Amino acid sequence: MFTTGEIAEVTGGTLRGGDIEVSGVSTDTRTISRGNLFIAIRGESFNGNDFVAAAKEKGAAAALCDGEVSADIPIIRVEDSRAAQLALARHYRDRFPVKLCGITGSVGKTSTKDMVYAVLSAKYNTLKTEGNFNNDIGLPRTLFRLDGSYGAAVIEMGMSDLGEISVLSRAAHPDIAVITNIGYCHIENLKTRENILKAKLEILDGASESAPLIVNGDDDYLGTVSADKLGRKIIRYGFGADCDVRAENIMHTSDGERFELIAEGKLFAASLNIVGEHHVMNALAAFCVGRELGLSAEEIIPAFLNYEASGMRQKIERREDITVILDCYNASPTSMRSALSVLSSMRAKRKIAVLGDMLELGDMSKQLHAMIADYIRLNADVCFLYGAEMAACRDALTGSGVEVFHSEDKDTLTARINDFLAEGDAVLFKGSRGMRMEEIAEKIQRR
């Protein structure tokens with residue numbers, strides 16, 4: 001894959017030891033393979049430089065470090081191992097003529113990535129970001145999986161502050177960029193949606209000059225983005241009449257969505273095998289990407305049905321005599337609204353929402369939790385709320401006619417839900433990752 005001399009040149013490091021070949025890259029001694037380059041990453045609770053000797057024992061042929069180490073293998077010493085890994089990943093990515101789509105946004109990044117993957121896989125062997133590998137450690141790991149068999153790649157880019165997507169984009173070098181929306185995630189750090197928009201637009205920092213930007217045309221902040229300002233082609237998707245690709249006549253069913261897709265002056269009948277209007281938006285984004293990469297509408301639309309959700313995102317299961325919607329990966333006001341709309345579409349005697357705190361909302365937390373009450377009124381019959389922040393939602397629901405139970409104790413809440421559930425109910429579990437709402441769902445499902 002690389003020589004140690006090549007690695008030193010690409011990363012601006014200093015080589016100590018022989019110029020040898022390495023095959024593969026690893027940052028984890030638990031999964032390292034013989035012949036790998038071990039990259040010593042510093043984390044909050046560990047220092048990878050302390051594990052170089054262990055990496056050698058596991059078969060590492062060389063190591064890239066940003067600290068003093070002692071090991072009888074070639075060492076490339078750099079100023080910052082994380083930055084060096086990104087530089088090496090970009091060098092490796094540029095070896096392949098793969099068409100790479102970068103995706104970011106406040107919510108919907110992963111589900112849009114999965115929909116784009118389903119579409120591109122109709123024509124290309126496609127690589128995609130797995131799990132939550134969307135940061136400066138995970139993204140290089142994905143790029144290092146590239147080989148000559150891939151024709152396309154879909155790379156997710158996440159962030160919590162300004163500057164973070166910029167370095168990811170420079171490593172991935174996208175040929176197409178997608179921004180799903182500008183919401184409230186990470187507003188604790190970024191303070192305003194204007195700053196969130198600025199952070200998301202960093203996806204263009206490493207994009208090729210000809211890379212089009214595909215954006216949600218219904219988003220108020222993305223609506224301010226123009227081709228004149230950015231100097232590149234912009235494609236808008238959504239439900240609005242001014243979108244380049246739009247959906248009309250959406251029909252919700254218990255098995256999925258049916259809609260008419262309008263693009264390039266033509267109308268196409270389309271279907272999804274997953275419930276929720278937000279997935280129609282994801283499909284529109286995927287259509288735009290597919291067309292830019294040479295797929296026909298006739299190839300793209302049937303591929304929507306190949307969509308598979310990642311992780312704990314909107315898993316709908318029948319458990320004994322109830323329907324369980326498990327959507328516990330993360331939460332924001334926008335994703336709460338989407339999840340509640342899915343609950344509303346269920347055929348059930350009672351529609352029950354079990355919602356946990358939305359984290360990282362800073363000074364706006366109370367206001368945004370109270371805002372969730374409006375979505376609950378429209379979509380749920382009963383609501384169980386978990387966490388200190390959800391007290392604002394509880395108070396906002398007073399007098400709404402929705403039955404509400406709130407607790408900051410998970411066991412108390414779980415017991416109350418178990419006593420309440422009955423045959424024919426549909427129940428949604430949704431909250432930020434730190435709330436671990438799946439722990440409640442697991443106990444409910446074993447009732």
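Colleague: In the hairpin of β15 and β16, which residue takes a positive phi?

Modeller: The residue is E264, whose phi is near 55° in that hairpin, where 2 residues stand between the strands. Please bear in mind that this is a predicted model.

Colleague: In which sense do strands β15 and β16 pair, and over how many bridges?

Modeller: Strand β15 (residues 256-263) pairs with strand β16 (residues 266-272) in the antiparallel sense, over 7 bridges.

Colleague: What is the strand order in the open sheet of 5 strands?

Modeller: The order is β2-β7-β6-β5-β4, and the pairing is mixed. The edge strands are β2 (14-16) and β4 (25-26), each of which pairs on one side only. T14 has R77 as its bridge partner in β7.

Colleague: Which helix lies across β2, β5, β6 and β7?

Modeller: That is helix α1 (residues 4-11), which runs at about 5° to β7. Two of the other strands that α1 lies across are β5 (37-39) and β6 (62-65).

Colleague: How is the packing of two helices described, for instance that of α12 and α13?

Modeller: One gives the angle and the distance between the axes. Helix α12 (residues 333-345) packs against α13 at an angle of about 15°, and their axes are 9 Å apart. An angle under 35 degrees counts as roughly parallel, and α12 and α13 are therefore roughly parallel to each other. Their crossing is right-handed. On the α12 side the contact includes P333, M336, R337 and L340, while L368, M371, I372 and Y375 are among the residues of α13 that take part.

Colleague: How many disulfides does the model contain?

Modeller: A disulfide is a covalent bond between the sulfur atoms of two cysteines. The cut-off applied here is 2.5 Å between the sulfur atoms, and the count by this rule is 0. C243 is in no disulfide, and its nearest cysteine sulfur, in C288, is 9.0 Å away. The sulfur of C383 has its closest cysteine sulfur in C393, at 5.6 Å, which is too far for a bond.

Colleague: Are C243 and C383 buried or exposed?

Modeller: C243 is buried, with a relative accessible area of 5%. C383 also counts as buried, at 0% relative accessibility.

Colleague: Where does D114 lie, and which residues does it touch?

Modeller: D114 is part of helix α4 (residues 109-120). Because its relative accessibility is 2%, D114 counts as buried. Leaving aside residues up to four places away in sequence, D114 touches K128, Y307, E308, A309 and S310.

Definitions and conventions:
Residues are numbered from 1 along each chain as its sequence is written. This is a predicted model: local features need pLDDT of at least 70, side-chain atom pairs count only at pLDDT 80 or more; totals for chains, interfaces and linings use all residues. Side-chain values use heavy atoms; hydrogens and water are left out. Two strands pair if DSSP finds at least two bridges between them. Helices (H or I, at least four residues) and strands (E, at least two) are DSSP runs, numbered from the N terminus. Buried means under 20% relative accessible area, exposed over 50%, partly exposed in between (1.4 Å probe, protein chains only). Contact means heavy atoms within 4.5 Å. Axes are lines fitted to C-alpha atoms, for helices over the stretch in contact, and angles run from 0 to 180 degrees between N-to-C directions. Angles under 35 degrees count as roughly parallel, over 145 as roughly antiparallel, 65 to 115 as roughly perpendicular and the rest as oblique. A crossing is left-handed if the near helix is turned anticlockwise from the far one by less than a right angle, and right-handed if clockwise.
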